[in-house]
Amino acid sequence: MALTTELSHQGVGDDVDRRTEIEKLQWALLAHRKAARALRTNDRKDQLLLGVCQSIVSQKPYELAWVGFREEDDSKTISLQAQAGSKVDYTDHLEVSWAEDSPLGLGPAGACVRTGKPVIIKDSAKEAVLAPVLERAVSFGLQSIMAVPIFNDPRPLIGVLLVYATVPNAFGKIEVALFEGLADDISIGLRNIERQQSLDDEISKREAAQQQLGDALRATIEAMSRTMESRDPYTAGHQARVASISVALAEKLGWSQNDKEGLYLAAMVHDIGKVGVPADILTKPSVLTPLEMQLVQQHVELGYQILKDIPFPWPIAEMVRQHHERLDGSGYPRKLKADQILQGAKVLAVADTIESMGTHRPYRPALGLSVALEQIKRESDVSLDAEVVSAAFALAEGDNPLQAILDARHV
Ligand SMILES: [Fe+2]
C-alpha cells in the first residue's frame, strides 16, 4: 500500500515536473518569438537592444532583461546598453565587470563574459551564500538568473544577455539553448545595422563629394563666364541673366533639377565663343556690316569648339552651338529645324531674345520686357518653340521674375 502511494506520488510528481518543463519552455519560446520580431523591426542599435529586452520581459515570469557590452578598459567594464522589465530599478547604478579579481566580476554576467559560456543561477537566495554579489538580486525578488554570451560571429565575444525570473529554476538546458540562439540573432542584427550604417555613411560621403564637384563645376563655369564678359562691359551680366531666365522657364516647363542644372551651365557660357570676336565689333555702337555680322556669328561654333571636349554630364557644348538655331531653319550656324534642335537650345533661344531686347545694347537703348514679349509671341511656333513662349507668358502673368532679372545689372 505504502509502495503504491509512493508510486502514485512519484507519478504525480513526474506530471508536475513535466508540466513545469513544458511551461518553462513555453515562456522561453514566446519570449524568443517576440524578441525575434523586435530584431526584424528595429534599424538602430539602441532600439534593437531595447526592443529585445522589452520583448523578453513581456513574458512572465521574466521580470528583467538587460544587455551589456564587454569593454576593453582597465576595469574590464560590462557597460549596460539596454534594460527593461518591472525590476529595471535593479540596474540603477549597477556596476558590472568581467575582471576575475574584482568583486564586480563575480556575478553571472562577469563569469559568462570571462568563460564565453552560459551561466545559470537556479536560486539566487541559495547561491548568495557563495557569491555575495547575488544579494542585490535576492533583495529584488529575482530568483533565477541566466546569462548568455553574445558573439560577433563566430568570435570574439562582444557582450552578454541577462534574463531574470521571479521564480526559481526558470532556466533549464533547452531554455538556455533558445536564449543562446536569440543572442546569436542579436549579434546578426547588430552587424546588419553596422553594415547598413557604413553603407549609409559611404552614400553620404559620395553625395557630399558629388555636391562639392557640382559646386566646383558651377563656380568654374561662372568664372569663365565673367572672364569672357570682362571684354565686353556693355553685355556684362548677359549670360547670367539669360541663365536666370532659362531656369525660370525650365521651372515653368516642369524640368527636373538635373536638367535645369545643365541648362543653367549652358546658359552661363552660351556666348563664350565671343572671346574670338574682336572687342571693337562686340562694342560697336552702330549696326554691324555683313562681314562683322559673319564674324559675330562664328561665336557659336567657336563656343562649341571650346567646350566640346569637357566631359559634362549634359550636352552643354551642343546647346551652346545651337542657341541661335531657329525652328523654321532661319537660324545659324547649321540652319537646323524643329526636332533637330535640342530642347535646351530652344529655351536658350527664347531666354536670349527676352534678355537682348529687354536690356540696352551698344547700338540701341533697352526696348523693354513688353516689346520682347510681343516679339516672342510673333515668333511663337514660327522660329521659337511655342511651349517655351507660353512658359514665358505664364511667368510674366504670374510672379513675373523676368523684369527683376532684366533689372539686375549683374545677376
Ligand atoms: Fe549668342
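Domain bounds here come from an automatic or database domain assignment.

**View 1. The two domains of the predicted protein chain.** The assignment gives domain 1 (11–196) and domain 2 (215–407). Taken over C-alpha atoms, the centres of domain 1 and domain 2 are 71 Å apart. This is a predicted model in which local features need pLDDT of at least 70 and side-chain atom pairs count only at pLDDT 80 or more, while totals for chains, interfaces and linings use all residues. Residues are numbered from 1 along each chain as its sequence is written.

**View 2. Secondary structure and overall extent.** The protein chain has 16 helices and five strands; these are DSSP runs numbered from the N terminus, helices being H or I of at least four residues and strands E of at least two. The radius of gyration is 39 Å, well over the 22 Å of the globule rule for 411 residues, so the protein chain is more spread out than a compact globule. That radius is taken over C-alpha atoms, and the rule is 2.2 Å times the number of residues to the power 0.38. Along the principal axes, the C-alpha atoms fill a box of roughly 135 × 45 × 35 Å.

**View 3. Surroundings of Val350.** Val350 lies in helix 13 (residues 343–358). Val350 counts as buried because it has 24 C-beta neighbours inside 10 Å; the cut-off for buried is 20 or more other C-beta atoms within 10 Å, with C-beta atoms placed from the backbone. Beyond four places in sequence, Val350 is in contact (C-beta atoms, placed from the backbone, within 7 Å) with residues including Leu249, Ile376, Leu384 and Val388. Val242, 108 residues away in sequence, is 9.1 Å from Val350, C-alpha to C-alpha.

Terms used. A residue is buried if 20 or more other C-beta atoms lie within 10 Å of its own, exposed if 12 or fewer, and partly exposed in between; C-beta atoms are placed from the backbone. Two residues are in contact if their C-beta atoms, placed from the backbone, lie within 7 Å.
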